[in-house]
Amino acid sequence: MPPPSLVDLLRHIAREEPLTATVRAFRGLNREHLGQLLDEAADALAKGPPVSAATEPTLEPAARSGPAAPSPTVESAAPIAPGGAPTRVRVYSDGAARGNPGPAGAGAVLMDTQGVVIARLGRFLGRQTNNYAEYMGLLLGLQHARTMGAREVEVYADSELLIRQLDGRYQVKSATLKPLFQEVQKLLKTFSKVKLAHVPRAQNAEADEMSNRAIDERM
């Protein structure tokens with residue numbers, strides 16, 4: 001079966017997907033209006049110049065394992081201001097594993113300093129532990145922040161182990177977690193300013209939602 005076109009994808013999303021998180025992210029936008037906007041975008045794309053087979057984007061399945069370069073699904077994103085991406089980004093990250101180890105998902109939500117959601121990300125990880133998923137959630141968020149061009153990052157996670165390992169209070173003894181820890185440390189060094197904070201689970205609900213959606217929807 002050939003890959004779906006962008007027009008087909010937009011029309012399917014407009015008519016079939018609930019888009020609950022997207023509606024929440026944009027105040028004043030309801031599901032019906034969002035569906036109309038997506039349909040209009042599909043119509044405008046269909047009327048545009050044809051895209052050659054050599055250049056038309058296709059939908060490729062994401063790998064379901066491998067710590068170094070997670071491929072997130074961006075569930076929704078707020079518009080970027082005219083000046084470009086925000087200089088400082090808040091990364092809320094989480095991970096979930098049902099069974100520990102069991103079906104696992106990584107999630108991250110990026111916000112600007114005013115609390116406006118920039119992106120929601122999730123990735124299904126296959127069978128992994130909860131601590132593995134926690135690190136992968138943070139990697140998703142940090143990599144997306146770098147892609148956006150952010151120079152400062154504030155990390156918020158409800159995993160005390162994750163935060164205390166990153167700030168040097170706990171050692172990383174797990175052979176599985178060490179490569180993830182090193183990758184996170186490497187990414188953190190690319191930012192000019194870093195803040196690490198442990199928060200209660202209630203303050204990390206949106207990242208938790210994305211990690212569980214990654215499992216349910218096999219993102």
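# Chatting through a predicted model

User: How many aromatic pairs does the structure hold?
Analyst: There's one aromatic pair in the structure. Tyrosine 92 and tyrosine 156 form it, and they're stacked, with 4.8 Å centre to centre and 15° between the planes. Keep in mind that this is a predicted model.

User: Which parts of the chain does the pair link?
Analyst: Distant ones: tyrosine 92 belongs to strand 2 and tyrosine 156 to strand 5 (residues 152-157), which puts the two 64 residues apart.

User: Are those two tyrosines buried or exposed?
Analyst: Buried, both tyrosine 92 and tyrosine 156.

User: What does asparagine 204 touch?
Analyst: Leaving out residues up to four places away in sequence, asparagine 204 touches Tyr92, Ser93, Asp94, Tyr156, Ala157, Asp158 and Val199. Both tyrosines of the stacked pair are among those contacts.

User: And where does asparagine 204 lie?
Analyst: In the loop between strand 6 (193-198) and helix 7.

User: Buried or exposed, that asparagine 204?
Analyst: Asparagine 204 has a relative accessible area of 1%. The cut-off for buried is under 20%, so asparagine 204 counts as buried.

User: Let's zoom out. How many helices and strands are there in the protein?
Analyst: Seven helices and six strands. Starting at the N terminus, the order is α-α-α-β-β-β-β-α-β-α-α-β-α.

User: What share of the residues is buried?
Analyst: 41% of the 219 residues in the protein. As for the accessible surface, the protein has about 11900 Å² of it, and carbon and sulfur atoms account for 53%.

User: What about contacts between residues 24 or more positions apart?
Analyst: Those make up 74% of the protein's contacts with a separation of 6 or more.

User: Back to the strands. How does strand 2 pair with strand 3?
Analyst: Strand 2 (residues 88-97) runs antiparallel to strand 3, with eight bridges between them. Across that pairing, serine 93 stands opposite alanine 108 in strand 3. The hairpin has four residues between the strands, and glycine 99 there has a positive phi near 125°.

User: How does strand 3 pair with strand 4?
Analyst: Antiparallel too, over ten bridges, with strand 4 covering residues 117-128. Here glycine 102 faces glutamine 128 in strand 4. This hairpin has five residues between the strands, and glycine 115 takes a positive phi near 85°.

User: How many residues of strand 3 are buried?
Analyst: Nine of its ten residues, so strand 3 (residues 102-111) is mostly covered, going by the cut-off of under 20% relative accessible area.

User: Why is helix 4 described as largely enclosed?
Analyst: Because 15 of the 19 residues of helix 4 are buried, the rest of the structure encloses most of it. Helix 4 covers residues 130-148 and reaches 27 Å from its first C-alpha to its last, close to the 27 Å expected.

User: What follows helix 4?
Analyst: Glycine 149, and its phi is positive, near 95°.

User: How does the span of helix 7 compare?
Analyst: The 13 residues of helix 7 (residues 205-217) should span 18 Å, and the end C-alpha atoms are 18 Å apart, which agrees. After helix 7 comes arginine 218, with a positive phi near 50°.

User: Which residues of helix 7 are buried?
Analyst: Ala207, Met210, Ser211, Arg213, Ala214 and Ile215.

User: One last thing: what does arginine 146 lie over?
Analyst: The face of phenylalanine 191, at 5.1 Å from the ring centre.

Conventions:
Residues are numbered from 1 along each chain as its sequence is written. This is a predicted model: local features need pLDDT of at least 70, side-chain atom pairs count only at pLDDT 80 or more; totals for chains, interfaces and linings use all residues. Side-chain values use heavy atoms; hydrogens and water are left out. The expected span of a helix is 1.5 Å times one less than its number of residues. Buried means under 20% relative accessible area, exposed over 50%, partly exposed in between (1.4 Å probe, protein chains only). Contact means heavy atoms within 4.5 Å. Accessible areas come from the Shrake-Rupley method with a 1.4 Å probe; for residues, only the protein chains shown count as cover. Two strands pair if DSSP finds at least two bridges between them. Rings of Phe, Tyr and Trp (its six-membered ring) pair if their centres lie within 6.5 Å; planes under 30 degrees apart count as stacked, over 60 as edge-to-face and the rest as tilted. A charge sits over a ring if NZ of Lys or CZ of Arg is within 6 Å of the ring centre and within 35 degrees of the ring normal.
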